[in-house]
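Here is a short tour of one model, written for someone who likes to know the cut-offs. Please have a look at the structure first.

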Amino acid sequence: MSDIQLADVAVIGGGPVGLATALLMARGGLSVTVMERAPLDTWAEPGFDGREIALTHHSVRLLEQAGAWSHIPQAVICPLKEARIETGSFRHPLTFDTRGEGVDALGWLVSNNQIRRALFAAAQHMPNITLLPGTAVQTIRQGQDYAAVHHNGGQVNAKLVVGADGRFSPTRQRAGIGAIVHDFGKSMMVCRMAHESPHHNVALQWFDEGQTIALLPVNGMASSLVLTLPPQEIEALAHMPREAFNAEIMRRVGNRLGAMRLVSTRHVYPLKGVYAHRFTARRLALVGDAAVGMHPITAHGFNLGLKGQETLARQVLAAVAKDGDAGSPAALRTFERQHRKATALLFAGTNGIASLYTHDGPPFRQIREGCLRMADRFSPFKKAVTSLLMDRQPSAPGA
Ligand SMILES: Cc1cc2nc3c(=O)[nH]c(=O)nc-3n(C[C@H](O)[C@H](O)[C@H](O)COP(=O)(O)OP(=O)(O)OC[C@H]3O[C@@H](n4cnc5c(N)ncnc54)[C@H](O)[C@@H]3O)c2cc1C
């Protein structure tokens, strides 16, 4: 006899967006089961994965509402005061800062594993959230009134299944939903470097010939190095002995922050953008990277994932209040429409920027330099991008 559990919502994937979804739905009074393939210890205490996530004001508010923000130690939250973009030997940077915004920070940088750990800690304390670690989903049957998720430990029957299992989402594939996959043909290596000079809480993105480099401030005399190169060059760097690696990074970065040295593990991510053809199916919704997996260059992936689950939670909680159905087709249609509106242009724009800034022929270089010069002089543009980076819109989930 297999064990059948009942829940209002079954979330597949206990990453940052899956856990945030569970928390918002549970705080709205729904029962939620989260199925995660990782074992309990790595789910609860995920290791450093190199990602430093630039959180907007709105995302911090959503993490506060989820009850997760207070689980992140102050010492690992780094305020971002300024973002600076440079291209090649053209030294005039395009800068974004908080001047005239009435706030101290554009946003905050926090390691991905700290965010995941905090969300898990918050979810663990919610009586109406059931966490199922080490769970492999085998099939999903989407019926008229509920969906049945069969997994290695039994079955979960829920009014709504939420696929939050990352950009290559098996849930998306099981539901027969295709996706646009944009392969940038490059890989990204991320790691922490200690350095001699202070970073003054400035993030630097630098598009050079043959490479893209970002230095993101973290607390202390250290920064997160984000290097984009063809995959074989990234693999060589990821396995280079430490001393040789430090020297190679100094050669690439120059003396911007004094002598630099590797102080963490190195992590490699192939760069692929993913946009699902649909975000919903019968009794099913996709959130996070399973719906929209962005190129990290504009630091939008998790921020958009949080917004998507906020939109979904708002619709689902309203539908439950109205007719008691968490998988209401009308609620899913509204979520689909609103999340597409919030993401489609950003996805296309981010892909355009990523392509423009990673091609090295002379026309691309000149367009880049021209764009930066114009953008820096055109204050309405700077103001619009600064607002997008900060995202200070009020949040209004029903939780
Ligand atoms: C280098 C880098 C830098 C980034 N910087 C930023 C930034 O500054 N700002 C920003 O907003 N975003 C950033 N992002 C994007 C951000 O990391 C992602 O958008 C975010 O992690 C997506 O979360 P998610 O929960 O949707 O997916 P994931 O983090 O991929 O989590 C998916 C979860 O599902 C689980 N899973 C997968 N398959 C199954 C299955 N079959 N059954 C059960 N569980 C399953 C996985 O184990 C995992 O726990 C960055 C990404 C990278 C690579």
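The report below covers a helix pair, the ligand shell and a sheet.

## Ground rules

This is a predicted model, in which local features need pLDDT of at least 70, side-chain atom pairs count only at pLDDT 80 or more, and totals for chains, interfaces and linings use all residues. Residues are numbered from 1 along each chain as its sequence is written.

Helices (H or I, at least four residues) and strands (E, at least two) are DSSP runs, numbered from the N terminus.

## Helices α1 and α8

The axes of α1 (residues 16-27) and α8 (residues 301-323) cross at roughly 30° and come within 9 Å. Axes are lines fitted to C-alpha atoms, for helices over the stretch in contact, and angles run from 0 to 180 degrees between N-to-C directions. The crossing angle therefore makes α1 roughly parallel to α8 (angles under 35 degrees count as such).

## Around the ligand

The ligand is surrounded by 33 residues, and the closest are G13, G15, G166, G288 and G301; a residue counts as near if its C-beta atom, placed from the backbone, lies within 6 Å. Helix α8 gives the largest share of this shell, four residues. At least two residues each come from α1, β3 (52-55), β12 (179-195) and α8.

## The sheet

An open, antiparallel sheet of three strands has the order β3-β7-β4, where pairing takes at least two DSSP bridges between two strands. Its edge strands are β3 and β4 (78-80), each pairing on one side only. Strand β7 (residues 107-111) is joined to β3 by four bridges, and I53 stands opposite V110 in β7.

Technical notes
Parallel < 35°, antiparallel > 145°, perpendicular 65-115°, else oblique.
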